[in-house]
Amino acid sequence: MTGEFAIAVHAIVYLNHKRSYLSSEALAKNICTNPARVRMVMSKLKRGGIILTREGAAGGYAVREGVSDLSLLEVAETVGTTFVGSAWRSGDSDMKCLVASGMADVMDGFYSEMDGLCRGYLSKVHISDVEEMIFKGKGDLDACGRGD
């Protein structure tokens, strides 16, 4: 898994909270990453219909209406996130040893099952849930609304 999923969720929640267009620089400052990385993720979110863009001095990125109801699974699928997997496979399918020739497929099955469990969980969690987790019990404390 790369950090794209975390960047996407962070950006969506922040944009939904701010209710305005923000530049990649402003998003990057809040996410604590670089603007180029933000733009890469935002382009995927735009293609997925989650993010709106506007050019010009007052331009940048904003979220579409109803984004609070968006599940984290939808975000993950939009940015192409795999939660559990491995690029490396042990053994060799051409070897005579059953352990060496069979282990990679067995491990791939485990990874697929675990990834599916993650996706099932995230299908039940929405942007509004993330916002509630962040702001619950914080009262009027909201530095983000005061220029941060």
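**Briefing: contacts and surface of the model**

Cys32 is exposed, at 70% relative accessibility (buried means under 20% relative accessible area, exposed over 50%, partly exposed in between, with a 1.4 Å probe and protein chains only). The model is predicted, so local features need pLDDT of at least 70 and side-chain atom pairs count only at pLDDT 80 or more, while totals for chains, interfaces and linings use all residues. Residues are numbered from 1 along each chain as its sequence is written, and side-chain values use heavy atoms, with hydrogens and water left out. The structure holds five salt bridges and one aromatic pair, and a search of the whole structure finds zero disulfides.

**Cysteines**

- No disulfide turns up anywhere in the structure (the criterion is a pair of cysteine sulfur atoms within 2.5 Å).
- Cys97 is partly exposed, at 39% relative accessibility, whereas Cys32 counts as exposed.

**Salt bridges**

- The total for the structure is five, where a salt bridge is a side-chain nitrogen of Lys or Arg within 4 Å of a carboxyl oxygen of Asp or Glu.
- One of them joins the side chains of Lys44 and Glu4, at 2.8 Å from N to O. This pair links distant parts of the chain, with Lys44 in helix H3 (residues 35-47) and Glu4 in helix H1 (residues 4-18), 40 residues apart. Helices are DSSP runs (H or I, at least four residues), numbered from the N terminus along with strands (E, at least two).
- Lys44 is partly exposed at 22% relative accessibility, while Glu4 is buried at 11%.
- Arg89 and Asp108 meet through their side chains in a salt bridge of 2.6 Å, N to O.
- Within helix H5, Arg119 and Asp115 sit four residues apart, about one turn of the helix. Their salt bridge has its closest N and O atoms 2.7 Å apart, and Arg119 and Asp115 are both buried.

**Aromatic contacts**

- The structure has one aromatic pair (ring centres of Phe, Tyr or Trp, the last by its six-membered ring, within 6.5 Å; planes under 30 degrees apart are stacked, over 60 edge-to-face and the rest tilted).
- That pair is Phe5 with Phe83, edge-to-face, at 5.2 Å centre to centre and 90 degrees between the planes.
- Phe5 and Phe83 are both buried.
- The charged end of Arg54 sits over the ring of Tyr21, 3.9 Å from the ring centre (the cut-offs are NZ of Lys or CZ of Arg within 6 Å of the centre and within 35 degrees of the ring normal).

**Nonpolar surface**

- Val99, Met103, Val106, Phe110 and Met114 make a nonpolar surface patch of about 440 Å². Patches take residues with over 30% relative accessible area and no salt bridge, joining nonpolar side chains (Val, Leu, Ile, Met, Phe, Trp, Tyr) within 5 Å and like charges within 9 Å.
- Met114, one of the patch residues, lies in helix H5 (residues 98-122) and is partly exposed, with a relative accessible area of 38%.

Terms used. Accessible areas come from the Shrake-Rupley method with a 1.4 Å probe; for residues, only the protein chains shown count as cover.
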